[in-house]
Structure formats: C-alpha cells, structure tokens
Amino acid sequence: MSEDLDALILRVRDLPHDRAVGEVDAFFTALPSEVATALAESRPEQVGPLEGAPPELRYRANRLILESAQQRLHALVESRDATLAQRRRLLTLNEMLEPARKRLDVDADGKRVEVDVPRQFLLVETEGQGRMIEVQGDLRTARNIAVLVPGMNNDLERVRSQSVRAKEIGEEAGPGTATVVWLGYHAPLGLTEGRSTKSAREAAPLLCRSLEGIAVVKAPGAKVTLIGNSYGAQAVSRAMLEGARAHRYLLTGSPGVDPSITSGAQMTPPGTELFAVARSRGDYVSYAEQHGPDPATFPDVVRIETDNSQIQITGHMGYFNKNSESMTNVGRIVRGDLDAVTLAARTTPAEESRLLGTSWAGPLRTLGQSKAAVPISKVFDGLARLRTVASTPSRKTVLDSTRRSRTQEGPER
Amino acid sequence: MTLTEARDFLRAELLAAAAGAVPGYEGVVTHDVGPVNPGVLSDGSGPDTICSITVENGDPSVTDPAGELAAAVAALTARGWQTAVAPVENGHHRATAERDGFQVTVHAWDNEWRLTLSGETPPIEA
C-alpha cells in the first residue's frame with residue numbers, strides 16, 4: 001500500500017489540480033478505513049499535506065508530524081544545544097498541539113457539556129520559516145467556508161494570532177461556518193521580500209490546489225470565500241489569475257495585482273458570486289500600488305465600507321478590527337448575506353489622504369516605486385529582526401510549555 | 001493597566017454578562033489563548049498587544065436569541081458599558097459594547113441555543 005501511495009503522489013504531482021485531487025480522493029475512498037488510518041500513521045509526511053486526502057486523516061498525520069518535531073526540539077532544548085530560533089519554534093509547536101478552545105454542546109441525555117476542540121491542520125511544515133494550514137470547524141458539514149490568506153512577516157511563530165483572527169471571522173459569520181487559515185506559502189519576511197511578487201507567484205498554484213482539496217470534501221452547496229489581506233491579497237490575486245476555485249473573493253489592503261490588471265473582469269474566475277475589495281482611509285500599502293493598480297480603483301468590483309459610527313479605520317492594519325464595519329462585512333460575505341453588505345463611497349486616494357490641503361498618496365506611490373525604497377526597506381527589516389531576538393522566550397519557559405502541552409492542560413486561563 | 005490585568009477584567013465582564021443573559025446557567029470561557037498581534041494578517045512582525053476572549057452560554061432547551069441578547073446587553077449596560085443593538089439581519093442578532101477601549105460583540109442566531117460574547121482588550125504594549 002505504501003508503494004501505491006508513492007506512485008499516486010508521483011502521478012498526480014503535475015496533473016491539473018481538479019484531476020489530481022480527484023484521483024487522491026478516489027484512492028482513499030477505495031481503501032478500508034483501518035488501512036487508510038494505518039497509512040496516515042505510517043506515512044504522515046506523505047499523507048499530511050496531500051490535497052484530496054480525507055481531512056480527518058490529514059489532521060492525524062499532521063499531529064504526528066508536530067509531535068515528532070516537538071520531541072526532537074525538546075531534546076535539543078533540554079541538552080542546551082538549541083538555537084534561539086529552535087527555542088521559539090518549540091514553544092510554537094507546543095501551542096499547536098494544545099486544544100485552543102472549547103465549545104458548548106449537548107450530550108446523549110440532552111445535558112449541556114463542555115467539549116475540548118482539538119487543533120486541525122491540513123499542513124504543517126515545521127522547519128525553517130514554516131508553513132501551516134489550520135481548519136476551525138467542520139469542512140465536511142459547513143455551509144460556508146472562509147479561507148484566509150495572511151500577508152507578510154507571517155511564519156509559524158504567528159500561528160496563535162492568525163488563529164484568533166480566524167476565530168473572530170467564524171463568530172461574525174455564525175453557525176455552520178468553517179474557517180481556514182492558509183499559511184501554505186512562505187510569506188515574504190520583510191519589506192525587501194515584500195517588494196517582489198515571487199512569494200505570491202509560488203503561492204498561487206499551492207492555493208489553487210488547496211481550494212480543489214476543499215471542494216472535494218465540502219458539502220454540496222457549501223460556499224467558499226477566499227480572503228486575502230495585504231500581501232495575502234497579492235497571493236489570492238495571483239491564484240485568481242490561475243483559476244482558483246471559490247465562490248466569493250475579498251481583497252483588503254491590496255498592494256496591487258499586476259501592472260497589466262486594471263479591472264475585476266481580467267481576474268475573476270468563472271462562477272464568481274462576488275468580487276469585493278476594501279481600502280480604508282490612509283492605507284499606505286494600497287496607495288503605494290507596489291505591484292500594480294489598487295483593485296479598489298477597479299470600476300467593476302464591490303468596494304465594501306470599512307467604517308461605522310462607532311469605529312473608523314485608518315491606515316493598513318485595521319480591516320479585521322473588532323466591531324468595525326469591515327469586520328461585520330466580512331461576516332456578511334462569508335455567510336452569504338450579500339444584500340446586507342454595506343458599500344463604501346468611491347473616494348480616491350487623493351481625497352482620502354488630504355492633509356493640510358495636500359494629498360500624500362501620490363508622493364508615496366512615487367517614493368514606493370523609486371530606487372530610494374530599497375534602502376528604506378532594508379532599514380525597516382533590520383529593526384524588525386532586532387525585535388524578534390529581544391522577544392525570545394527563556395529555556396525554562398519553553399520546557400514548562402512542553403510539559404503543559406504533553407499533559408493536555410490547554411492554554412493558560 | 002497591564003495586559004494581564006486587562007485580560008482578567010475582560011474575562012470577568014464577559015462571564016458576568018453571560019450569566020445575566022441565561023437564567024440558571026454560567027458562561028463558559030471557550031477561547032482565551034493570551035496575547036496576540038491584532039495586525040497579524042497585515043504584518044506578522046507586530047507585537048502581541050491585545051487579548052481576545054470568547055465566552056459562550058445557553059440553555060439547550062431554550063432558543064431565545066432576542067431575549068438572551070437583550071439580557072446580555074442589559075447586564076453590560078448596568079456594568080458601565082456603552083451598548084448598541086443592531087437591527088436583526090437574516091437571523092443574526094448582534095449587539096456591540098465599548099468601555100475604555102475594550103470592545104465586545106454579542107452574537108445570537110435564530111434556531112441556535114448558544115449565545116456568544118466575544119471581547120477584545122485595547123492594545124497594551126508589554
């Protein structure tokens with residue numbers, strides 16, 4: 001059976017995404033469940049990331065990969081041979097192995113019970129920068145599925161923050177929602193890398209295949225919303241250009257798609273229900289148009305409102321702020337309440353960035369696309385690296401955390 | 001106020017409001033993982049400056065989204081929160097509350113017995 005799996009992986013590698021996941025799905029459907037489980041447990045490195053394989057098997061396989069990496073790093077930390085990066089990584093793996101949440105449910109007698117919700121990963125890459133795809137909810141039964149692609153400076157160490165944002169989107173979208181944090185790519189680390197579209201171009205086929213993997217397991221009629229924020233919007237846009245299969249698309253704080261893309265029609269895959277964008281007042285990333293015209297300027301997209309009477313968002317970082325109109329609209333889009341989505345006025349960057357009678361959006365775009373942006377990016381990247389070193393946890397903190405994760409106590413409260 | 005104190009305050013407020021919303025039942029902390037970076041989706045390199053906490057409550061034999069949401073809002077208002085109830089949107093009952101930079105959202109849904117109270121501290125640097 002192990003040889004059959006190897007042959008399958010080799011065969012589907014270069015197939016079109018839908019055919020590849022179809023073949024993988026057929027392979028596992030034909031297996032008795034105990035054989036499939038045994039395969040996931042004996043070959044976790046192959047089954048864990050395999051799009052089209054049943055999610056339950058992939059969750060199991062990826063947990064085994066995490067446990068194995070945890071054991072390896074724990075030994076290094078205990079023997080004082082671990083680098084600072086390995087110490088940080090062990091803390092991250094410990095968190096990924098703990099149940100992050102509970103839910104209220106009803107037992108067979110109709111009584112209310114608290115249930116631990118285990119973490120579910122469709123992908124874990126524990127070496128280097130790391131990658132992961134986390135699912136919150138049930139992909140098989142969800143009526144709505146949100147796939148969230150984070151932007152730059154996101155490595156495995158940021159999984160906790162990413163998961164919290166996914167949790168909040170799930171709460172806004174309501175019961176019957178599954179959310180997927182898709183860090184299945186190596187996001188650019190720093191402004192210097194972020195000035196290139198390389199990461200997004202590499203992400204696009206991976207994201208397309210993941211969406212096909214979701215399509216093959218989701219309930220008939222379930223709708224998928226693909227959300228890209230900041231550089232994640234660049235990755236989603238590249239995937240859309242390659243025919244990524246979702247029903248609704250939302251780009252927030254986009255740095256642009258490509259210099260040649262000036263309308264939604266050029267990038268919207270067939271069958272799209274909604275192509276929406278958001279740009280808040282003063283979003284310097286969107287104004288800079290590093291990678292092409294800002295989709296918020298396209299004439300044929302839905303531009304959603306970001307502000308309400310209580311909360312006004314400014315700058316680039318607030319699209320998912322609690323109780324903001326943009327976050328409320330994200331929930332509406334994910335659950336398909338499209339008539340309730342509130343729309344923004346079609347203001348221009350010049351109008352939004354006027355300060356003391358002068359607009360700064362135009363000069364920013366000129367600076368961002370000039371040679372001067374290169375050394376400025378390097379200075380910012382150097383400062384960010386210093387902050388990472390300063391926040392490295394102590395050896396004792398990491399070892400305590402490992403003990404806690406192994407006893408399944410869950411997060412501190 | 002430190003971030004730890006803010007987290008403890010928020011958790012206590014959510015639990016108090018949850019208890020006020022559902023007679024005979026205490027709320028349950030379903031999510032509270034500690035400090036996170038609020039801007040992570042834009043830039044992962046930012047510091048962990050907020051805590052996000054979710055509390056659920058509900059009586060499995062009772063489905064009363066409007067009543068439970070109103071009771072949660074009343075409890076929050078009595079505790080000094082500025083509250084606002086949104087019009088019901090396709091079965092989504094939603095209210096918001098703000099106090100000193102803390103934000104809370106209360107969600108209830110038609111045909112759903114669980115009430116969700118979700119809160120976030122203001123950003124506080126360590």
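Chain B of this predicted model has a mean pLDDT of 96, and 100% of its residues reach 70 or more. For the model, ipTM is 0.96 and pTM is 0.93.

The two chains touch through 43 residues of chain A and 37 residues of chain B. On the side of chain A that touches chain B, at least two residues come from each of β1 (101–106), β2 (112–117), α7 (159–173) and α15 (373–390). The most is given by α7(A), with eight residues. By class, this side of chain A consists of 17 charged, 14 polar and 12 nonpolar residues.

In an unreviewed entry, UniProt places the feature "domain: DUF1023" at residues 128–276 of chain A. In the model, 34% of this span is helix and 23% is strand. The C-alpha atoms at the ends of residues 128–276 of chain A are 34 Å apart.

Helix packing within chain A was examined for one pair. Helix α5 (residues 55–78) of chain A packs against helix α16 (residues 395–406) of chain A at an angle of about 145°, and the axes are 10 Å apart. The crossing of α5(A) past α16(A) is left-handed. From α5(A), the contact involves A:Gln70, A:His74, A:Val77 and A:Glu78. From α16(A), A:Arg395, A:Val398, A:Leu399 and A:Thr402 take part. The contact of α5(A) with α16(A) comprises three nonpolar, three polar and two charged residues.

Positive phi values in residues other than glycine were also considered. In chain A, A:Asn323 has a phi near 65°, a positive value, and is not a glycine. A:Asn323 is located in the loop between β10 (302–303) and α12 (325–335) of chain A. With 20 other C-beta atoms within 10 Å, A:Asn323 is classed as buried, because the class requires 20 or more.

In chain B, phi of B:Asn111 is positive, at about 65°, and this residue is likewise not a glycine. The loop that holds B:Asn111 lies between β5 (102–109) and β6 (115–120) of chain B. B:Asn111 has 8 other C-beta atoms within 10 Å and is therefore exposed, the cut-off for that class being 12 or fewer. Thus A:Asn323 is buried, whereas B:Asn111 is exposed.

Key. Residues numbered from 1 in each chain as written. Chains lettered and ligands numbered in written order. Predicted model: local features only at pLDDT ≥ 70, side-chain atom pairs only at ≥ 80, totals over all residues. Contact = placed C-beta atoms within 7 Å. Helix = DSSP H or I, 4+ residues; strand = E, 2+ residues; numbered from the N terminus. Nonpolar A, V, L, I, M, F, W, Y, C, P; charged D, E, K, R; others polar. UniProt positions renumbered as here; feature names shortened; annotations may be inferred. pLDDT = per-residue confidence, 0-100. Axes fitted to C-alpha atoms, helices over the stretch in contact; angles between N-to-C directions. Left-handed = near helix turned anticlockwise from the far one by under 90°.
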